[in-house]
Amino acid sequence: MSRMDRYRHEKGQTSKQNSHNNIFARRQRRQSSDEDSDRLEEYEQDYQNNWQSFEEDYYEADREHAEDEPPGNRPKKKMKKKRKKKHPFLRFILTVLILLIAYSGISFYIGEKVGESEDNEAPQAENFNGFSDANGGNNILLIGSDSRGEENARADTIMVLQLDGPAKKPKLVSFMRDTYVNIPGAGDNKINASYAYGGADLVRQTLSENFGIDCKYYMTLDFETFEKVIDTLFSSGVDIDAEKDMSKNLETPIKKGPQKMDGLTLLQYARFRMDEEGDFGRVRRQQQVISAIFSELKNPIALLKLPYAAGKAMGYSANDVPMSFLAKNSFSIAKGASGVDRLSIPAEDTWSYGQSYDGGSVLIMDQQENQQAIQDFLAK
């Protein structure tokens with residue numbers, strides 16, 4: 001083999017060796033590149049997992065730290081402003097309610113101050129140790145008196161008005177003034193004598209002991225005050241259907257039938273007893289008058305005047321009825337416009353005529369039956 005052939009042979013071997021080495025090197029580089037790529041993906045995945053875990057730990061710690069700090073030191077979070085839905089009708093209703101409440105409160109206050117400032121002979125305020133009734137009602141003791149300048153006048157009218165009892169509507173219990181009862185500390189006598197002996201609080205005690213009915217508040221009106229209250233509330237008069245013609249011992253004769261009565265006429269109608277029914281007819285007409293007054297509240301004009309007139313009535317009278325109680329039971333008062341439930345005591349067939357120790361005519365009652373009649377009446 002010549003030198004040239006040997007050179008070519010060696011060069012060819014070298015080229016084959018180099019070619020083989022290059023292929024092996026490329027394979028190694030490719031394998032290394034694939035391993036690096038896989039390692040990089042693992043690094044990236046670990047990085048993302050670690051960063052996510054870090055964020056969760058960080059915000060959890062931040063929330064715990066915010067809850068531990070006082071409200072004033074908590075950082076304010078940026079919140080996206082939400083567009084509020086507009087409810088013009090609801091806003092209108094709310095505005096009207098606020099205005100009505102404000103109007104009622106101001107009118108009541110003004111009326112009360114006007115009533116207190118006017119020159120009248122309203123009864124003086126008393127100490128009244130009232131209690132809620134057993135059924136949860138806060139009864140109002142209503143006393144009408146014909147003082148005529150006398151200090152120890154007997155009560156002409158004794159009623160109990162319940163507004164917030166189980167029925168959630170006005171209920172009225174009237175007590176005939178000739179009912180013979182035991183007056184605490186004074187012995188047996190007509191029930192209306194309890195007012196002369198100890199004022200409104202002794203009347204309360206007498207009702208509680210003899211009839212099992214308690215009163216939380218009281219209101220005392222004399223006849224002059226009653227006229228003013230009616231004329232203030234209802235300037236055009238009160239609609240009422242008179243039972244019969246009345247004229248005996250009245251300042252103004254009353255004709256039978258539907259009519260409007262002012263304060264004076266309404267008072268005469270309620271007090272009249274110069275007929276065969278006597279006190280029974282008088283009590284029934286008193287209840288009719290109260291129902292007629294409630295019915296007048298159907299008139300929107302009377303409703304608008306009611307807060308001022310009610311305040312004026314409070315100013316005229318001796319009472320401890322809070323305005324909050326009247327406001328709370330305004331719905332119950334409004335229900336009275338459709339009628340007031342009424343009961344007279346002694347109840348029917350639970351009494352008989354008798355004589356007192358001084359020879360006066362009285363009503364002897366069955367105490368237990370009348371107590372039950374009152375409980376049943378107020379419970380439904």
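What follows is a short chat about the predicted model shown above.

Q: What pLDDT does the chain average?
A: The average is 79, and 73% of the residues score at least 70. pLDDT is the predictor's confidence in each residue, from 0 to 100. In this predicted model, local features need pLDDT of at least 70 and side-chain atom pairs count only at pLDDT 80 or more, while totals for chains, interfaces and linings use all residues. Residues are numbered from 1 along each chain as its sequence is written, and side-chain values use heavy atoms, with hydrogens and water left out.

Q: Which elements have the lowest and the highest mean pLDDT?
A: Helix α1 (residues 3-68) has the lowest, 53, and strand β4 (residues 180-183) the highest, 96.

Q: How many helices and strands are there?
A: The chain has 10 helices and 12 strands. These are DSSP runs numbered from the N terminus, with helices being H or I of at least four residues and strands E of at least two.

Q: What does β4 pair with?
A: Strand β5 (residues 187-190), antiparallel, over 4 bridges. Two strands pair if DSSP finds at least two bridges between them. Tyr180 has Lys190 in β5 as its bridge partner.

Q: Which residue of that hairpin takes a positive phi?
A: Gly185, with phi near 85°; the hairpin has 3 residues between the strands.

Q: Moving to strand β2, is it enclosed or open, and why?
A: Strand β2 (residues 155-162) is largely enclosed by the rest of the structure, because 8 of its 8 residues are buried. Buried means under 20% relative accessible area, exposed over 50%, and partly exposed in between (1.4 Å probe, protein chains only).

Q: Which strands pair with β2?
A: Strand β1 (residues 140-145) joins β2 by 6 bridges, antiparallel, and there Ile143 is the bridge partner of Ile158. Strand β3 (residues 171-175) also pairs with β2 in the antiparallel sense, over 5 bridges. Leu161 has Leu172 in β3 as its bridge partner.

Q: And the chain overall, how much is buried?
A: Of the 380 residues, 39% count as buried.

Q: Where does Leu90 sit, and is it buried or exposed?
A: Leu90 is in helix α2 (residues 88-117). Leu90 is exposed, with a relative accessible area of 55%.

Q: What about contacts in the chain?
A: Among contacts (heavy atoms within 4.5 Å) between residues at least 6 apart in sequence, 67% join residues at least 24 apart.
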